[in-house]
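Have the viewer open as you read.

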Amino acid sequence: MTDRITHLYTLCEAAAARGRLVITGHDRADFDSAASCVLMQRLLAAWGVKSEIALHTPDRQSRRVMARFGVEVSALEGETTPEDALILVDHHQATRAGQVIVCVDHHPTDYPPDFPYVQIGDCGACAVMVLRLMQEAGARVTPEDERLAVTALYLDTIALKSAKITPEEAAWGEKQARRLGLDEDWLRREGMGLMDMSLPACELAMLGKKVYVFGKRRVLSTYVQTDAMTQEKLEAILAVLHGEIVREQADLWVFLVHDPSRLRSTEYDLTPDGAVRTIAYDCLISRGRDVMPRVERDMRKEEV
Ligand SMILES: [Mn+2]
């Protein structure tokens, strides 16, 4: 065993012996969060370490896609208590009750958290990081485990097109999808996740919502993936967000529009005073990799 695997095992084994060991993804869990939890639990099970998964309000795509893998996501939903030992996957800011002992994530930050085990990797999907941990630990990895991780990679990187994925990893993902017999057309469609733009603005404005706490600042963020944004729809969405930022007492709201067909993203930074800063990108950017580390730096700088 490598040193980090020994460290991970020792922490989890001790925590499970003391009480409840809970694995959780980020709030409004997406497929990558759910898949990361499932794979982490399989690694612990291979070690004979008992754990539970407690997802927070999993999103629609995670339910739909997990069902294809025979996993009922609602069975993975749950609460945590302050006595629980927590394993965070796919995020590194704790939002739930409990004592964090392990964090495995793929969202870079200049301000990594201080937990007993922290692994923040450069990877398109957290589930791929957990799969690699299983392999590193010599645990049994089934083709189904690999399918979960590769599917998470497609869904977390806008079908391997996001700037957060390296060309090497995208090539790897495509090769694995073929080898594992995954339906690539379906993966691409799910990964692009084009939204039905006839939905009301109040719904489109809230997709993929995440809350970040940077020092004393609160930043909220949502995004939509579409190739059919109109000026009228955009204005309606921004109007909704202006109401929400005040109601939520947030310092900033980062709204992203990803156009997977044209491979372009646009960022709208809203402040409570009603101002909107627009940044146009000529690629599909990643919120976790390109936007939030910069926002976190700016927020913490302003605070000093
Ligand atoms: Mn993720």
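## The sheet

Five strands form an open sheet in the order 6-7-8-9-10, with mixed pairing (strands pair if DSSP finds at least two bridges between them; helices, H or I of at least four residues, and strands, E of at least two, are DSSP runs numbered from the N terminus). Strand 6 (210–214) and strand 10 (276–281) sit at the edges with a single partner strand each, so one side of each has no neighbour in the sheet. On average, neighbouring strands are turned by 20° against each other, direction ignored (axes are lines fitted to C-alpha atoms, for helices over the stretch in contact, and angles run from 0 to 180 degrees between N-to-C directions).

Strand 6 runs antiparallel to strand 7 (residues 217–225), and five bridges join the two. Lys210 stands opposite Ser221 in strand 7.

## Helices on the sheet

Helix 9 (residues 231–247) packs on the sheet, touching strand 8 (252–259), strand 9 (264–270) and strand 10, at about 40° to strand 9 (contact means C-beta atoms, placed from the backbone, within 7 Å). Helix 10 (residues 287–303) also packs on the sheet, touching strands 6, 7, 8 and 9, and its direction makes about 160° with that of strand 7.

## The whole chain

Overall, the protein chain has ten helices and ten strands. Its C-alpha atoms fill a box of roughly 55 × 45 × 30 Å along the principal axes.

## About the model

This is a predicted model: local features need pLDDT of at least 70, side-chain atom pairs count only at pLDDT 80 or more, and totals for chains, interfaces and linings use all residues. Residues are numbered from 1 along each chain as its sequence is written.

How values were computed. Contact = placed C-beta atoms within 7 Å.
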